Amino acid sequence: MFNRDFWSEIFMALRRNKLRTVLTGFAISWGIFMLIILLSAGNGLKNGVTSNFADRIKNTYTIWSSVTELPYKGHKAGRYIMMTNKDIQLLESLYQVEEVSPVISKWGTLIFGEKSRSIGFNGVKPIYKNIEGIKVSEGRFINENDMKTKAKVVLIDQDTNDELLRTTGEMTMIGKTVFINGLSFTVVGVCKANMWGERGLAYAPYTTMQTIYNENKYYQMEFTTKGLDTKEENEAFKAELKRKLAALHEFSPDDRRGVWIDSQMIDSLETMKIFNTINIFIWIIGIAMLISGVVGVSNIMRITVKERTNEIGIRKALGAKPRSILLSIVMESLVITTIFGYIGMICGIGVTELIGMAMESSGGLSNGNGMSVFVDPTVDIGIVISATLVLIVSGVAAGFAPAWNSVKVKPIEAMNYR
Amino acid sequence: MIKLENIHKTYFGAQPLHVLKGINLNVEEGEMVSIMGASGSGKSTLLNIVGILDNYDDGDYHLAGHMVKDLSENQAAEFRNKYIGFIFQSFNLIPFKTALENVALPLFYQGVGRKKRNALAMEYLDRFGLKDWADHYPNELSGGQKQRVSIARALVTSPKIILADEPTGALDSKTSAEVMQILRDVNATGITMVIVTHERGIANLTRKIVHLKDGLIESIEENDPDKMDFTKEIK
């Protein structure tokens with residue numbers, strides 16, 4: 001069936017109507033081109049936003065201290081709820097909680113040689129690195145050994161590091177001794193700015209900070225969970241935790257504030273939902289665009305078939321079977337859609353790859369706080385495969401109706417058609 | 001070869017048109033028959049039914065011993081391809097195919113390979129003196145040449161029957177004579193031939209003349225074409 005003669009017949013038909021073939025094909029090319037551009041833009045947005053979260057582990061919760069809104073059990077509204085070691089004990093008693101990572105936050109002045117600058121000074125556990133998705137660019141993060149020995153070691157952020165290097169002419173800060181609030185620390189690592197783009201940060205072991213400041217009040221506390229996979233489980237856990245914390249601190253369980261609980265899992269599920277919706281929306285737009293191309297092809301095929309009615313009648317009289325006529329028309333439409341669709345797809349991919357390369361070399365689009373909003377706006381092989389399937393389906397769809405009509409016509413009517 | 005029994009055909013348009021009102025006709029193998037009649041007498045319709053290009057409403061039609069009724073499009077296509085060669089007044093050559101490709105087309109639908117197909121088509125073109133015109137497109141050929149190409153195309157599958165619908169209708173008298181001579185020669189090789197015409201001169205060149213009037217066979221006239229003066233008879 002699909003031998004050389006079959007294909008030469010089809011390409012002959014296409015060549016006979018070059019202009020028409022090209023104009024029709026252009027609609028398809030344009031449709032698939034725009035689909036690829038839109039999808040890659042959607043991908044860029046998604047990659048951009050998720051890259052900010054990507055390195056944070058998903059099963060984490062953050063609790064922030066806050067101010068009550070409702071009066072409760074004789075307490076007035078507007079009370080500031082500070083977390084204490086009791087909260088840590090409460091969290092550790094819950095079976096869903098894996099590891100609690102309280103954060104001791106202080107303001108401090110960092111002095112190195114002649115240079116001083118103010119920093120946010122945080123006492124953290126090793127798990128904090130994974131929870132916050134901190135990227136260590138040089139050296140290492142706080143480890144368990146630091147915790148045990150209450151070592152006076154510190155990580156500084158890139159911005160501080162660069163400034164210190166610039167003003168002192170040193171090659172590296174690793175191994176150097178710095179003074180923070182008058183105490184000497186050894187720099188063991190440098191990390192990139194956190195996901196919020198904050199600058200001027202230093203991290204020391206939690207145990208060290210506790211020894212220095214004898215701190216048992218926490219503004220922020222983080223912990224990882226286990227066994228909470230769905231949104232529902234997380235919502236339920238969050239509500240339960242809020243009730244328990246409300247009981248502990250004697251604020252109303254209905255208080256919207258008091259403490260803030262934030263679930264990374266819920267946030268990430270919500271974010272993914274938004275991007276899935278955007279993606280569906282893009283497919284709908286893209287396919288609508290493609291449909292206008294398909295309608296164009298179908299229309300042209302209808303005209304082509306009408307013009308060829310005589311010829312089809314002659315072929316039938318000479319013994320052409322319906323299947324061969326149906327196939328040749330459907331294949332003609334399929335050839336137009338796939339060839340021009342591929343041209344559009346290759347152009348689209350080419351353009352998105354170029355944009356991706358240009359953005360990579362310029363460091364990506366960001367919102368000014370170091371948060372990237374648009375990263376790697378390209379499509380993957382899965383999208384290319386689905387787009388190909390869409391093309392094939394639309395090609396067959398575009399050709400089928402006209403082909404079927406021509407098959408149904410009696411040969412004598414077709415031959416006498418004028 | 002062709003056996004028609006009480007064939008009826010009505011066209012259902014704005015006003016139903018009863019075109020064939022019970023045709024009974026036998027055509028034996030190797031016969032050369034012409035069907036004559038005024039326009040609207042149903043002669044083309046009859047030929048289309050015989051050629052399985054159109055269906056009939058009532059009656060029985062046997063072609064080479066096979067009952068032809070309610071055939072699927074596939075079966076109809078096979079029958080046409082295997083048993084019947086068509087010659088049309090307007091030639092019905094495919095304009096964007098060369099003479100050779102046109103002649104080879106029925107063989108394509110038989111699934112004959114390209115080389116064999118072209119060799120056979122060339123043989124038939126050669127038989128009608130068109131070898132040098134094989135690569136020409138229909139619009140580069142004269143009327144007589146076109147009709148010879150379509151005769152070659154009708155014969156290339158070695159059919160049992162040739163159906164010709166006004167084969168000389170678009171030709172001048174000299175070319176008509178040539179074409180009729182070819183058809184007589186073809187018939188002489190044993191191929192059954194049915195010719196629809198409204199020209200007495202053409203009908204006189206066949207052995208049996210079927211007169212059709214208002215959808216019925218009026219008379220069947222026996223005729224001896226050899227008595228006719230060929231060149232005078234046409235037109």
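Which domains does the domain assignment of chain A give? The answer is domain 1 (4-54 + 268-416) and domain 2 (101-219). Please keep in mind as you look around that this is a predicted model.

**Domains of chain A**

- Domain 1 of chain A is assigned in two stretches, 4-54 and 268-416, while domain 2 covers 101-219.
- Taken over C-alpha atoms, the centres of domain 1 and domain 2 of chain A are 55 Å apart.

**Where chain A meets chain B**

- Chain A brings 21 residues to the contact, and chain B brings 26 residues.
- The size of an interface is often expressed as the accessible area lost when the parts come together.
- For chain A and chain B, that buried area is about 2,300 Å², with 59% of it on carbon and sulfur atoms.
- There are 2 salt bridges across the interface of chain A and chain B.
- A salt bridge joins the side chains of Lys410(A) and Asp54(B), at 2.9 Å from N to O.
- Polar contacts also cross from chain A to chain B, in 6 residue pairs.
- On the side of chain A that touches chain B, the elements giving two or more residues are helix H1 (4-16), helix H10 (309-317), helix H11 (322-361) and helix H13 (411-416).
- By type, the residues on this side of chain A comprise 9 nonpolar, 2 polar and 10 charged.

**Salt bridges over all chains**

- Over all chains, the structure holds 19 salt bridges.
- Side chains of opposite charge can pair when their charged atoms come close.
- Arg20(A) and Glu307(A) form a salt bridge, with their closest N and O atoms 3.5 Å apart.
- This pair links distant parts of the chain, as Arg20(A) sits in helix H2 (residues 18-53) and Glu307(A) in helix H9 (residues 264-307), 287 residues apart.

**Aromatic pairs**

- The count of aromatic pairs over all chains is 13.
- The ring centres of Phe141(A) and Tyr203(A) lie 6.2 Å apart and the planes are at 50°, so this pair is tilted.
- Phe141(A) belongs to the loop between strand S5 (136-139) and helix H5 (144-149) of chain A, and Tyr203(A) belongs to strand S9 (residues 201-205), so the pair ties together parts 62 residues apart in sequence.

Notes
Residues numbered from 1 in each chain as written. Chains lettered and ligands numbered in written order. Predicted model: local features only at pLDDT ≥ 70, side-chain atom pairs only at ≥ 80, totals over all residues. Heavy atoms only, no water. Contact = heavy atoms within 4.5 Å. Buried area = accessible area lost by both parts, 1.4 Å probe. Salt bridge = Lys/Arg side-chain N within 4 Å of Asp/Glu carboxyl O. Polar contact = N/O pair within 3.5 Å; in protein donor to acceptor, adjacent residues only side chain to side chain. Helix = DSSP H or I, 4+ residues; strand = E, 2+ residues; numbered from the N terminus. Nonpolar A, V, L, I, M, F, W, Y, C, P; charged D, E, K, R; others polar. Domains from an automatic or database assignment. Phe/Tyr/Trp six-rings, centres within 6.5 Å; stacked < 30°, edge-to-face > 60°.
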